[in-house]
Amino acid sequence: MNISLTLSEKTHELLSAIMPPSVASIVEMILIAVVYLTFFAIAGLFLVLLERKVAARFQLRLGPNRVGFQGWFQTVADALKLVSKELTGTVKADKFLYNLAPYFVIITALMALAVIPFAGYFQAFDINIGVLFIIALSSIGVIGILLAGWGSNNKFAMIGAMRSGVQTISYELSVGLSLLTMILITGSLQFSEIVEVQRNGWLIVQGHIPAVLAFMIYMIAGTAETNRAPFDLVEAESELGAGFHTEYSGMKFAYFFLAEFINMFIIASIAVTVFFGAYLSPFGITESLPWLGLFWFLAKALVLLFLMMWFRWTFPRLRIDQLLTLEWKYLLPLNLMNIVLMAVVVWLKLTIQF
Amino acid sequence: MSYFSDIYNGVKTLLTGMGVTGKYFLNSGKGAITQQYPENRDTLQMFERFRGEVVMHHDENNEHSCTGCQKCELACPNGSIEIIWDRGLDPETGKKKKMIDKHIYHFGMCTQCGLCVNACPSNAIEWAQNFENSVYDRTQLTRVLNKPGSKVKAGIEE
């Protein structure tokens with residue numbers, strides 16, 4: 001098997017020493033899956049808690065502070081509650097598709113984590129079309145949403161799914177094009193190479209004006225793609241009847257919910273990788289300590305996550321026509337102009353490198 | 001050219017909004033506007049505008065100002081107020097006069113809309129500030145507002 005599992009060379013050597021290579025690689029894959037699933041669960045729970053804490057501060061409230069120290073175990077308690085809840089469904093639902101949909105959403109989110117370079121050797125799947133892979137995966141999530149709406153056999157869920165689908169597909173374009181803008185500098189779709197290019201300065205510095213524009217477009221489109229406010233028509237609970245996941249309960253609903261937060265983390269991670277030098281420390285101050293890469297990566301990702309939460313608790317929700325106007329009349333033309341601008345910058349070698 | 005000025009103004013107003021919430025975020029450690037409820041039960045002060053339940057004010061002589069005009073009963077959208085009344089002889093003038101027997105308030109049905117309090121011409125009923133109203137039996141939520149043996153304050157009817 002020729003999959004570049006670069007998570008840890010040492011584990012690989014250790015496993016190869018005590019068992020045949022084929023078994024070793026399978027054991028390695030299982031280990032990596034366990035690591036990522038654990039990370040996935042913890043990150044999801046942590047992000048939900050963080051969101052609630054941050055929201056409380058923005059709204060001058062107290063926020064969760066009962067369960068555990070300062071309410072740190074609140075989301076664990078919530079998760080236990082969700083697991084113990086009954087899974088209900090509609091009688092006339094398309095049972096197969098109805099049950100399949102949450103897994104589409106959550107598996108795509110989980111797969112996208114695989115290509116993200118958390119630290120030098122902490123990347124499960126260093127594929128040479130990494131950026132394309134992630135863009136392609138996030139499109140599969142839309143299928144999960146549409147299946148959820150269709151499988152529920154409920155016209156409101158169906159309308160909600162259509163609304164969500166049109167939103168995600170529209171903003172997918174802007175996400176792709178803004179990433180493409182940055183690809184013009186790096187000349188590679190492979191995440192590890194994109195990071196290596198940034199040893200001479202993060203891409204947002206190298207590309208200056210068009211890179212900053214691309215970053216702004218990326219953050220707007222990324223927020224919209226994860227269905228977060230101000231683009232959360234998908235789950236406007238009281239106003240629109242919650243959209244595509246109306247018929248889901250308990251853990252199946254939690255999958256959609258968790259996938260949203262993981263997608264948010266993925267959007268922030270891609271932004272960190274493509275604009276802010278992933279695990280590289282600012283000005284190379286901890287160049288000699290490569291294990292700090294994970295810290296830098298998570299720190300940068302948390303700043304961007306905070307930015308997205310800031311958006312959420314500041315801006316009012318957009319109407320569907322405003323939402324599509326923003327994408328098709330503003331972001332997309334600007335994005336195309338920005339690509340040309342970036343091409344000129346790269347062509348005339350106006351990029352800033354240290 | 002309004003296309004680009006729209007973008008400029010849009011970004012500017014969004015940043016203004018983020019500035020406002022950002023200021024809240026930084027300052028919220030000092031002044032959260034919510035309170036930690038069960039802990040502060042002793043010092044808790046409810047606001048005057050808070051609508052807990054309807055009460056009838058009685059003064060020290062066990063007198064209230066309800067004349068039994070039934071305007072509150074008519075104003076209530078879901079019939080939470082029932083007034084049982086009869087005509088009795090006024091001891092002073094000797095004339096027959098409308099007197100309330102019981103002013104019954106079904107708190108379990110009340111939506112705290114406040115129409116009864118607004119409708120009352122003599123300000124006999126008002127809002128109380130208590131809010132811990134959970135009970136196991138809904139019959140406990142049916143209250144008789146006028147105290148036993150109470151009578152109408154003099155000078156209210158004129």
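**A guided tour, starting on a strand of chain B**

Select B:Ile84 to begin: across from it, in strand E4 of chain B, stands B:Lys102. Before moving on, note that this model is predicted, so local features need pLDDT of at least 70 and side-chain atom pairs count only at pLDDT 80 or more, while totals for chains, interfaces and linings use all residues. Residues are numbered from 1 along each chain as its sequence is written, chains are lettered from A and ligands numbered from 1 in the order in which they are written, and side-chain values use heavy atoms, with hydrogens and water left out.

**The sheet in chain B**

Next, pick B:Asp86, which has B:Met99 of E4(B) opposite. Now widen the selection to strand E4, residues 96-106 of chain B, which pairs with E3(B) in the antiparallel sense over 9 bridges. Strands here are DSSP runs of E with at least two residues, helices are runs of H or I with at least four, and both are numbered from the N terminus. Two strands pair if DSSP finds at least two bridges between them.

Follow the chain through the turn: E3(B) and E4(B) make a hairpin with 6 residues between them. B:Gly94, in that turn, has a positive phi of about 80 degrees.

The 3 strands form an open antiparallel sheet of chain B in the order E3-E4-E6. Which strands stand at the edges? They are E3 (81-89) and E6 (142-144) of chain B; each has a single partner strand, so one side of each is left without a neighbour in the sheet. On average, neighbouring strands of this sheet are turned by 25 degrees against each other, direction ignored.

Zoom out to see chain B by domain. Its assignment gives domain 1 (1-31) and domain 2 (54-152), with bounds that come from an automatic or database domain assignment. Taken over C-alpha atoms, the centres of domain 1 and domain 2 of chain B are 51 Å apart.

**Helices in chain A**

Switch to chain A and select helix H2, residues 21-58. At 1.5 Å a residue, its 38 residues should span 56 Å, and the end C-alpha atoms are 53 Å apart, which agrees. The expected span is 1.5 Å times one less than the number of residues. Just after H2(A), look at A:Leu60, with a positive phi of about 60 degrees.

Bring in helix H4, residues 95-114 of chain A: its axis and that of H2(A) come within 11 Å and cross at roughly 115 degrees. H2(A) and H4(A) are therefore roughly perpendicular to each other (65 to 115 degrees counts as such; under 35 is roughly parallel, over 145 roughly antiparallel and the rest oblique). Axes are lines fitted to C-alpha atoms, for helices over the stretch in contact, and angles run from 0 to 180 degrees between N-to-C directions.

**Last stops in chain A**

Select A:Ala278, in the loop between helix H11 (250-275) and helix H12 (293-312) of chain A. Its phi is near 40 degrees, a positive value in a residue other than glycine. Is A:Ala278 buried or exposed? At 0% relative accessibility, A:Ala278 counts as buried (under 20% relative accessible area is buried, over 50% exposed and in between partly exposed, with a 1.4 Å probe and protein chains only).

Then go to A:Lys349, in the segment after helix H13 (320-347) of chain A. Phi of A:Lys349 is also positive, near 55 degrees, and at 69% relative accessibility this residue counts as exposed.
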